[in-house]
Amino acid sequence: MKKIGSVKEDLNTEKRISITPETVKKFISSNFSIFLEKKYGEHLGIIDDEYKNEGATIYGSAKEVL
């Protein structure tokens, strides 16, 4: 299985995210595992449970994701 991990950006310089719950769904269906840092999309109103519901694994720190 292929793996994709993404961590939170410095919100002072970058507010966009590269993975949404919808893209998690697409990646999972293409046989990828998705690993995200806790509160990855919270600043955009996307809670961790939305990612989990699509199959992503949430880790407590960037170090754990990487």
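Q: Before we start, what counts as a helix or a strand here?
A: Helices and strands are DSSP runs, with at least four residues (H or I) for a helix and at least two (E) for a strand, and they are numbered from the N terminus. Keep in mind as we go that this is a predicted model.

Q: OK, so in what order do the elements run from the N terminus?
A: From the N terminus on, the order is β-α-β-α-β-α, which gives the protein three helices and three strands.

Q: And how compact is the protein?
A: Its radius of gyration is 11 Å, close to the 11 Å that the globule rule gives for 66 residues, so the protein is as compact as a globular protein of that length. Along its principal axes, the C-alpha trace spans about 35 × 25 × 15 Å.

Q: What share of the residues is buried?
A: Of the 66 residues, 29% count as buried, while the accessible surface of the protein comes to about 4500 Å², with 49% of that belonging to carbon and sulfur atoms.

Q: What about Asn31, then, and where is it found?
A: Asn31 has a positive phi of about 70 degrees although it is not a glycine, and it is found in the loop between helix 1 (21–29) and strand 2 (32–37). With a relative accessible area of 45%, Asn31 is partly exposed, because that value falls between the 20% limit for buried and the 50% limit for exposed.

Q: And where does Lys39 lie?
A: Lys39 lies in the loop between strand 2 and helix 2 (48–54); its phi is near 65 degrees, also a positive value, and at 40% relative accessibility Lys39 counts as partly exposed.

Methods: Residues numbered from 1 in each chain as written. Predicted model: local features only at pLDDT ≥ 70, side-chain atom pairs only at ≥ 80, totals over all residues. Heavy atoms only, no water. Rg over C-alpha atoms; globule rule 2.2 N^0.38 Å. Buried < 20%, exposed > 50% of the residue type's maximum accessible area, 1.4 Å probe, protein only. Areas by Shrake-Rupley, 256 points an atom, 1.4 Å probe, with all protein chains shown as cover.
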